[in-house]
Structure formats: structure tokens, C-alpha cells
Amino acid sequence: MTLDCLSGTWKLNAEKSKYIGVPAMKEAIVTVTPDSESDGWRWETNGISGEGLPMRFSFVYKRDDEDITMRGYPYADTIVLQNGKSKIGAGTFKRAGRVVGDAQRTISPDGRTMTVSIDIALAGDKKASFTAVYEKQPV
């Protein structure tokens, strides 16, 4: 796969997204760009949290099955991705070295929709599950 199916700007469709155990994000823009220092890509999310606060988190994917530091993500500090360059990918979230959740990312066959589903443990033995649906924005 080329990076083309993942690269670009993706806007959250809040109406099609579903959140359980955490407040629904009010808005979000995900930008995926090639990483200039590797054969991977950079993910950056900017938006407004369910609490109405600005949010921003990012990470740089270089290769599968490696710990990747996440900056600004409220539920985990590390992610390990599998099939990072595929239309269908998976991830494992860690916090302080311990596995706390998983994720699946699917890009539709027409390349216009990206669905990210996450199950994650929160502080205090609480759990959250959410599916965020993003629509690719024209260049």
C-alpha cells in the first residue's frame, strides 16, 4: 500500500461516532503526513474534547511492532501498531509500560471514510469504548 490512502486531512463526523464511558469529542481534525525522517507517517489530532477543552495529540509511526510515544493523548502514553501501512490496522495502547487497551483502524474501500474503534481502561478500573468516524477532506 502507498501512504496515499491514509495521508491527508480527516474530519470527525460526530453524528456517526459513538462514545461509551468518556464524553464524546465535539470536533476533531486528524492530519496524517509522511514522516521526513523515516519511511513512516505522522498522526496529529487537533480538536475540542467532550469537556469543551482544546485537545492535541500526536505520534510518529516508523514500523510495526515498536513502542511509539504518544504526546498529549489522555488515556495512554505509548501505542504499538500492526499493519500501519495498510487500510486495516490495529494497535495496542500502553500506560507506564502496561497494556491498557486496543484499537482498530479501517479505511473504506473508496478511501473516503476512516473508522477508529478503541477499547481502553481508564483510571479507577473504569473502561471506555468508542468508535470515531472520520471523513477525508478534499485537498
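The model described here is a predicted one. Within it, glutamate 44 forms a salt bridge with arginine 56, and the closest N and O atoms are 2.8 Å apart. This pair links distant parts of the chain: glutamate 44 belongs to strand 4 and arginine 56 to strand 5 (residues 54-61), twelve residues apart. Arginine 56 counts as exposed, because its relative accessibility is 53% and the exposed class begins over 50%.

## Other salt bridges

The count of salt bridges in the model comes to six. Side chains of opposite charge can pair when their charged atoms come close.

Another of these pairs is formed by the side chains of lysine 16 and glutamate 135, with an N to O distance of 3.9 Å. Lysine 16 is exposed, at 56% relative accessibility, while glutamate 135 is partly exposed, at 30%.

Aspartate 39 and lysine 85 also meet through their side chains in a salt bridge, at 2.6 Å from N to O. Both residues lie in loops: aspartate 39 between strand 3 (27-34) and strand 4 (41-48), and lysine 85 between strand 7 (78-82) and strand 8 (88-95), so the pair ties together parts that are 46 residues apart in sequence. With a relative accessibility of 60%, aspartate 39 counts as exposed. Lysine 85, at 30%, counts as partly exposed.

## Threonine 78

Threonine 78 is found in strand 7. Its relative accessible area is 13%, and threonine 78 is therefore buried, the limit for this class being under 20%.

The side chain of threonine 78 is joined to that of aspartate 77 by a polar contact of 3.0 Å. Beyond residues up to four places away in sequence, threonine 78 touches Asp67, Ile68, Met70, Thr92, Phe93 and Lys94.

In soluble globular proteins, nonpolar side chains tend to be buried together. In this model, the largest nonpolar core has 35 residues, and those with the most contacts inside it are Trp43, Tyr73, Phe93, Met114, Ile120 and Tyr134. At least two residues of this core come from each of strand 1, strand 3, strand 4, strand 5, strand 7, strand 9 (98-107), strand 10 (113-121) and strand 11.

Tryptophan 43 illustrates these surroundings. Apart from its neighbours within four places in sequence, tryptophan 43 is in contact with Val30, Thr31, Val32, Phe57, Ser58, Phe59, Arg105, Met114 and Val116.

## The largest pocket

Rolling a probe the size of a water molecule over the atoms shows where empty space is left. The largest pocket holds about 560 Å³ of space. It is lined by 36 residues, of which Phe57, Tyr73, Ile118, Phe130 and Tyr134 are the closest to its centre.

Two or more lining residues are given by each of strand 4, strand 5, strand 7, strand 8, strand 9, strand 10 and strand 11. Which strand gives the most to the lining of the largest pocket? Strand 5 does, with five residues.

Notes. Residues are numbered from 1 along each chain as its sequence is written. This is a predicted model: local features need pLDDT of at least 70, side-chain atom pairs count only at pLDDT 80 or more; totals for chains, interfaces and linings use all residues. Side-chain values use heavy atoms; hydrogens and water are left out. A salt bridge is a side-chain nitrogen of Lys or Arg within 4 Å of a carboxyl oxygen of Asp or Glu. Buried means under 20% relative accessible area, exposed over 50%, partly exposed in between (1.4 Å probe, protein chains only). Helices (H or I, at least four residues) and strands (E, at least two) are DSSP runs, numbered from the N terminus. A polar contact is a pair of N or O atoms within 3.5 Å; within protein, one must be able to donate a hydrogen and the other to accept it, and residues adjacent in sequence count only if both atoms are side-chain atoms. Contact means heavy atoms within 4.5 Å. A nonpolar core is a set of buried Ala, Val, Leu, Ile, Met, Phe, Trp, Tyr and Cys residues joined through side-chain atoms within 4.5 Å. On a 1 Å grid over the protein atoms alone, a cavity is a set of points where a 1.4 Å probe fits but cannot get out, and a pocket is an open set with protein on both sides within 12 Å along at least five of seven lines; lining residues have an atom within 4 Å of a point. Grid points are joined across faces, edges and corners, and a volume is the space filled by probe spheres set on the points.
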